[in-house]
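Let's take a friendly walk through this model, starting where the chains meet and moving on to what lies inside.

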Amino acid sequence: MRLNSRAGKTQACLLNLEAMNFLAGTWLGEWLAGLGRITLLAREAIASALTFKFSRRDVLYQIYFIGIKSQSVVLVTGAFTGMVLAAQTYFQFHKVKMDTATLAVVSVSMCSELGPVLTALMVAGRVGAAIAAEIGTMRVTEQIDALRTLATHPVDYLVVPRLIASNIALPLLTIESMCVGIAASYFVGVYLLGIEPTYAWWNMLKYSHDSDVLIGLVKSVFYGGIIALIGCYKGLSCGVGAQGVGRATTEAVVYSSITILICNFFLTMVLEQLCVILGI
Amino acid sequence: MIEVRHLKKSFGAQLILDDISFRIENSESVAIIGRSGGGKSVLLKHIIGLLQPDAGDVLVDDENIVAMNERQLLRVRRKFGMVFQGAALFDSMTVAENVAFGLRRHEHLTEAEIAKRVAATLDMVDLPGTENKNPAELSGGMRKRVGLARAIIYEPQIVLYDEPTTGLDPIVSDSIDKLIIRVRDHLNVTSIVVTHDMRSARRVGNRVMLLHEKKIYANGTPEEIFTSHDAVVRQFVDGVADAKETII
């Protein structure tokens with residue numbers, strides 16, 4: 001019986017090895033290997049963060065870089081998204097005499113979907129690229145090796161402060177984007193399109209729930225992690241020379257953006273169900 | 001004590017190091033010479049655990065570092081200081097911040113104590129008063145001195161030098177050689193200098209090893225190496241190009 005079980009395990013191992021050999025060198029194999037490496041990096045970074053080996057000064061600087069320096073892009077994106085959403089919703093709702101529901105639609109969309117996703121995409125473009133370029137340049141100029149020779153783990157020094165800062169800054173930027181988007185939509189709806197403000201405001205409060213804001217904030221924490229981890233991973237694994245850094249930067253933005261959009265669907269499905277189960 | 005046993009390393013299909021074995025005693029000063037692209041820097045990076053060999057062992061004070069993971073290696077690396085070929089200074093930091101990096105990370109000192117140690121170390125490498133400069137403002141020789149200051153500030157037992165005089169003019173090269181000797185004698189450190197500068201190898205090494213065709217081809221005192229009649233050693237020491245490679 002034991003022999004049979006051992007033979008079965010050996011056969012399973014051989015099948016796994018064959019499957020790995022089959023995937024080796026293929027696009028899918030490379031993709032799976034990359035996914036595995038990012039998962040290991042995430043595990044290492046989370047384990048390191050929990051031991052508080054990071055420098056608070058570095059985290060504060062990264063919060064400044066990711067949060068404060070992203071103000072302009074987040075404000076402009078949030079405001080104009082809210083404005084165009086208000087205008088487009090009004091044009092459709094006006095046909096069925098539902099003008100005063102405009103702000104409610106904008107509010108729910110900005111809180112649970114557009115606020116977190118657009119903020120994350122804008123930050124991925126600005127911060128993800130900067131992280132990959134900075135760490136990639138450090139790698140090609142042997143600065144990462146220098147860190148290691150100075151008995152400093154690159155994950156502790158480079159990844160953890162960026163991951164923590166990104167997880168703190170993204171929710172704050174998302175709240176800002178939600179507020180600015182709703183305020184801008186109110187301005188467009190009430191002052192440009194002539195919606196009756198009292199009913200519009202009342203409808204907005206009636207149809208927007210705590211769960212919408214909560215879902216948006218939970219999503220933004222995930223997106224913060226995605227941006228920091230993919231940016232750091234691409235920087236740490238970048239190829240040689242200027243071309244390697246350029247490619248790492250581009251891939252960091254593209255992969256972060258795609259991952260955010262894919263995760264958004266699954267997070268929406270899971271978090272909505274979770275809110276129903278928990279009665280939030 | 002550093003011991004390398006039957007070390008092998010390939011990058012893809014290209015074999016770089018093949019069955020390398022040697023031992024370096026404490027306070028010894030060893031120059032590793034060899035042709036450009038011959039694997040000298042790769043060998044140096046194995047000694048500090050920056051690269052993992054395909055086969056073989058690297059022992060530092062009788063601990064096999066090949067079997068260690070990155071976190072375990074951090075403890076062993078505190079015994080080392082390394083000066084990189086391109087200095088590898090952190091370009092987002094000033095000279096003082098670069099030099100103080102190891103102290104800030106691993107020793108609990110006040111800012112005043114750190115500033116004092118930084119000033120003393122910069123003085124030792126003949127760069128007093130450069131604390132607030134950025135690496136971009138420094139010349140090649142100055143960058144290497146700052147790299148050396150960063151490597152020795154926490155008084156390591158072993159200092160590794162990767163091509164310390166490459167790309168420098170003869171006068172600056174001479175000053176770097178003197179600096180390596182000064183650090184060796186003042187701090188009583190084990191020095192391993194990778195170089196293809198024969199003059200430098202002769203001056204800084206108590207022992208010289210020639211890496212040739214992926215193996216340690218010759219290993220002896222500077223006198224033995226530089227007076228050798230072996231054709232390969234002679235060709236390298238005299239800097240004579242292979243007839244096949246000479247462009248007419």
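## Where the chains meet

Eleven residues of chain A are in contact with 17 residues of chain B, contact meaning C-beta atoms, placed from the backbone, within 7 Å. On the side of chain B that touches chain A, α2 (70-77), β6 (80-83) and α3 (95-106) each supply at least two residues; helices (H or I, at least four residues) and strands (E, at least two) are DSSP runs numbered from the N terminus. That side of chain B has nine nonpolar, five charged and three polar residues (nonpolar: Ala, Val, Leu, Ile, Met, Phe, Trp, Tyr, Cys and Pro; charged: Asp, Glu, Lys and Arg; polar: the others, Gly among them).

This is a predicted model, in which local features need pLDDT of at least 70 and side-chain atom pairs count only at pLDDT 80 or more, while totals for chains, interfaces and linings use all residues. Residues are numbered from 1 along each chain as its sequence is written, with chains lettered from A and ligands numbered from 1 in the order in which they are written.

## Chain B as a whole

Chain B has nine helices and ten strands. Its radius of gyration, 18 Å, is close to the 18 Å that the globule rule gives for 248 residues, so chain B is as compact as a globular protein of that length (the radius is taken over C-alpha atoms, and the rule is 2.2 Å times the number of residues to the power 0.38). The C-alpha trace of chain B spans about 55 × 45 × 35 Å along its principal axes.

How values were computed
Two residues are in contact if their C-beta atoms, placed from the backbone, lie within 7 Å.
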